[in-house]
Amino acid sequence: MNNTVTEQLTQAGRQIEHDSFAIVDREAGPHRYSAEQWPVVRRMIHATADFEFNGLTRFHPDAVQAGVAAILAGRPIVADVEMIGVGVSQPRLAHFGVAIHQFISDDDVIDRARAENSTRAVQAMRKARGRGLLDKGIVAIGNAPTALLETVQLIRAEGVRPALVIGMPVGFVSAAESKAALAEIKDIPWIVTDGRKGGSTLVVAALHALLALAEARGQPASGSTGR
């Protein structure tokens, strides 16, 4: 893959990244992932140096295709925490006209969470729902299991239809359970990491992999900001 927007900006940086990917490919050995899924897993391993994600990562059959299509269409990304928005390359997002939204630190979200004795993450996903950002968008959750559980609830009870849910919250309380609940959904594409492992770094890596695949496959929708 020889991309100009989603590659490192310098030749030295590109060479280090390509060499790192080659090491991951070599040391990972045989795997069960498809040709379109492996670049996502490989970048997650590259971001963490943790080869357990070769196996812990699972995909809905339509996940990669749906994520790439959403990016090419300039659909929004809704993140559970600010760290994801900081981690994803803004020039790469701008090339596709994609914006990342997160509301967990908004005053109204905090006030409502206190009033209802829920979490900020739950209220942030409800705010995203109210703004119409979830339908046809990408939901990217790397920190808060309650955000993922709320997303699952919105899908099941309110008919929310994201293009893709990347569910990788890390932790000990409800993290594994929230991902298992997402993986039971058949009609909405998802990517999950089984068990307790996860984190915003992994979500950022998955998004960067999808951005690279989008650049390799097609042009951004008209109206994107370009390079």
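Reply: Start with the sheet: two strands pair if DSSP finds at least two bridges between them. In this predicted model, 6 strands form an open sheet with mixed pairing, in the order E1-E6-E5-E4-E2-E3.

Me: What makes E1 and E3 edge strands?
Reply: Strand E1 (57-59) and strand E3 (100-101) each have a single partner strand, so one side of each lacks a neighbour in the sheet.

Me: How do you know that E4 and E5 pair?
Reply: The cut-off is at least two bridges. Strand E4 (residues 138-141) and strand E5 (residues 164-167) are joined by 4 bridges, so they pair; they run parallel. One example is Ala140, whose bridge partner in E5 is Ile166.

Me: Which helices touch this sheet?
Reply: Helix H4 (residues 63-72) packs on it, touching E1, E4, E5 and E6, with its direction at about 110° to that of E4. Helix H11 (residues 200-217) lies across E2, E4, E5 and E6, at about 145° to E5.

Me: Why is Gln123 called buried?
Reply: Buried means under 20% relative accessible area. Gln123 has 3%, so the label holds. Gln123 sits in helix H8 (residues 120-130). Leaving aside neighbours within four places in sequence, its contacts are Val109, Arg112, Ala113, Glu116 and Ser118.

Me: Why are Arg58 and Asp194 called partly exposed?
Reply: The class runs between under 20% and over 50%. Arg58 has 30% relative accessibility, so it falls in that class. Asp194, at 25%, does so too.

Me: Which residues join Glu116 and Arg126 in one network?
Reply: Arg112 and Glu150 do, through salt bridges that share partners.

Me: How far should I trust the coordinates?
Reply: The mean pLDDT of the chain is 91, and 91% of its residues reach 70 or more. Over residues 221-227 the pLDDT is below 50. Where pLDDT is low, the predicted coordinates should not be read in detail.

Terms used
Residues are numbered from 1 along each chain as its sequence is written. This is a predicted model: local features need pLDDT of at least 70, side-chain atom pairs count only at pLDDT 80 or more; totals for chains, interfaces and linings use all residues. Side-chain values use heavy atoms; hydrogens and water are left out. pLDDT is the predictor's confidence in each residue, from 0 to 100. Contact means heavy atoms within 4.5 Å. Helices (H or I, at least four residues) and strands (E, at least two) are DSSP runs, numbered from the N terminus. Axes are lines fitted to C-alpha atoms, for helices over the stretch in contact, and angles run from 0 to 180 degrees between N-to-C directions. Buried means under 20% relative accessible area, exposed over 50%, partly exposed in between (1.4 Å probe, protein chains only). A salt bridge is a side-chain nitrogen of Lys or Arg within 4 Å of a carboxyl oxygen of Asp or Glu.
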